[in-house]
Amino acid sequence: MAQAVALVTGANRGIGSETAKQLAAKGHKVLLGVRSEGSAREVADVIVENGGVAEELLIDVSDRGSIEKAVGEVRVGGRLDVLVNNAALLLDIGKQPTEVGDAEMRQTFEVNFFGPFYLTQLLAPMLMASPAGRLVNMSTTVASLNQLADPDSPARDDICPAYQASKAALNVLTLTFAKQFTDSGSAAKSNSCCPGWVMTDMGEEDLPDYGEGVKPKTPAEGADTAVWLATLPADGPTGGFFSGRKPRAW
Ligand SMILES: NC(=O)c1ccc[n+]([C@@H]2O[C@H](COP(=O)([O-])OP(=O)(O)OC[C@H]3O[C@@H](n4cnc5c(N)ncnc54)[C@H](OP(=O)(O)O)[C@@H]3O)[C@@H](O)[C@H]2O)c1
């Protein structure tokens with residue numbers, strides 16, 4: 001059987017690089033989505049040293065032309081089974097909604113919402129044609145509308161309105177793609193996940209009060225739920241939001 005192919009955006013560092021390594025260890029050929037050439041060389045070297053297959057794929061998810069070029073290259077390969085929309089940015093940590101600038105809001109949506117939207121829209125036919133197509137959107141529980149609406153939730157204090165809005169919008173894509181996949185009779189699944197609080201460049205910036213004794217995860221631990229969702233069996237869930245492999249409220 002031909003080798004399954006996974007594309008992970010933002011695969012050069014943080015949770016994305018660990019997601020790529022773990023998918024390669026599970027037998028996927030991994031396309032390492034990066035916006036600067038050579039930035040995932042070390043990740044690719046580790047994968048190859050461990051007997052896996054990896055290739056860099058240039059993609060800046062804030063640039064429609066770059067997305068289209070990358071999709072063209074994926075199509076040439078002829079197969080895509082897994083898409084992990086991982087690349088993201090967080091610009092407005094600690095800001096009140098009145099303090100978020102227009103440029104900051106728009107840039108956040110370009111990377112965290114429009115990029116994943118265009119990329120998924122263009123690659124959906126390949127995911128739907130796969131015997132086990134899996135879309136995984138890397139989201140966050142700080143964008144959970146249930147938590148934000150709960151006056152007793154500590155998550156209400158993790159303010160980053162642009163980031164939260166972009167990830168809540170991404171979660172809607174998860175649900176609408178899940179419905180389209182199912183309604184079309186495809187075996188493809190679509191889920192969102194939160195990696196938890198993870199020690200990456202983003203996670204180090206984002207130091208909310210998760211309560212005494214709550215420890216940040218390593219990037220490898222943070223990748224676990226995304227990899228689990230990317231490799232779900234045929235009877236696995238679709239249209240869900242997960243953290244620690246457990247369902248969470250939207
Ligand atoms: N860390 C946490 O505690 C935490 C918690 C909840 C959710 N998350 C989510 O988990 C995912 C990974 O986060 P992380 O902590 O690993 O973040 P990170 O260390 O800041 O890495 C972000 C990645 O996104 C890439 N990226 C940013 N803008 C891009 C663009 N325009 N085009 C292509 N790639 C771009 C970066 O590439 P460059 O190296 O080129 O900048 C980098 O590879 C994100 O979706 C984040 O929202 C993280």
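A residue is termed buried when its relative accessible area is under 20%, exposed when that area is over 50%, and partly exposed in between, with a 1.4 Å probe and protein chains only. At 3% relative accessibility, Cys160 therefore counts as buried. The structure is a predicted model, in which local features need pLDDT of at least 70 and side-chain atom pairs count only at pLDDT 80 or more, whereas totals for chains, interfaces and linings use all residues. Residues are numbered from 1 along each chain as its sequence is written, and side-chain values use heavy atoms, with hydrogens and water left out.

Helices (H or I, at least four residues) and strands (E, at least two) are DSSP runs, numbered from the N terminus. Two strands are said to pair if DSSP finds at least two bridges between them. Strands of a sheet pair through backbone hydrogen bonds, either parallel or antiparallel. In this model, eight strands form an open sheet with mixed pairing, in the order 3-2-1-4-5-6-7-8. Strand 3 and strand 8 stand at the edges with a single partner strand each, so one side of each is left without a neighbour in the sheet.

Strand 6, which comprises residues 189-194, is mostly covered, since six of its six residues are buried. Lys189, Asn191 and Cys193 point one way from strand 6, while Ser190, Ser192 and Cys194 point the other way, and all are buried. Strand 6 pairs in the parallel sense with strand 5 (residues 134-138) over five bridges, and Arg134 stands opposite Lys189. Strand 6 also runs parallel to strand 7 (residues 241-243), to which three bridges join it; here Cys194 stands opposite Ser243. The pairing of strand 7 with strand 8 is antiparallel and involves two bridges, with Phe242 opposite Pro247.

The cysteines were examined for disulfides, defined as pairs of cysteine sulfur atoms within 2.5 Å. A disulfide is a covalent bond between the sulfur atoms of two cysteines. The structure holds zero disulfides. For Cys160, the nearest cysteine sulfur is that of Cys194, 11 Å away. The sulfur of Cys193 has its closest cysteine sulfur in Cys194 at 7.5 Å, which is too far for a bond. Cys193 has a relative accessible area of 1% and is therefore buried.

Thr225 is found in helix 9 (residues 224-230) and is buried, with a relative accessible area of 3%. When residues up to four places away in sequence are not counted, Thr225 touches Cys193, Phe242, Ser243, Gly244 and Arg245. Polar contacts are pairs of N or O atoms within 3.5 Å; within protein, one atom must be able to donate a hydrogen and the other to accept it, and residues adjacent in sequence count only if both atoms are side-chain atoms. The side chain of Thr225 reaches the backbone nitrogen of Gly244 at 3.2 Å, and a polar atom of this side chain lies 3.1 Å from the backbone nitrogen of Arg245. Arg245 belongs to the loop between strand 7 and strand 8 (246-247). Although Arg245 is not a glycine, its phi is positive, at about 65°. With 41% relative accessibility, Arg245 counts as partly exposed.

Two further helices were described by their span, for which the expected value is 1.5 Å times one less than the number of residues. Helix 1 (residues 14-25) has 12 residues and reaches 17 Å from its first C-alpha to its last, close to the expected 16 Å. Its buried residues include Ile15, Ala20, Leu23 and Ala24. Gly27, which follows helix 1, has a positive phi near 105°.

Helix 3 (residues 64-77) has 14 residues, which should span 20 Å, and its end C-alpha atoms are 20 Å apart, in agreement with this value. In helix 3, the residues Ser66, Ile67, Ala70, Val71 and Val74 are buried. They cover an arc of only 135° around the axis, which puts them on the same side of helix 3; the arc is that of the directions from the helix axis to the C-beta atoms. These buried residues pack against strand 1 (5-9), strand 2 (29-34), strand 3 (53-58) and helix 4 (102-129). The exposed residues Lys69 and Val76 are carried by the face turned away from the buried side of helix 3. At the start of helix 3, a side-chain oxygen of Asp63 comes to within 2.9 Å of the backbone nitrogen of Gly65. Helix 3 is followed by Gly78, with a positive phi near 85°.

Definitions and conventions:
Contact = heavy atoms within 4.5 Å.
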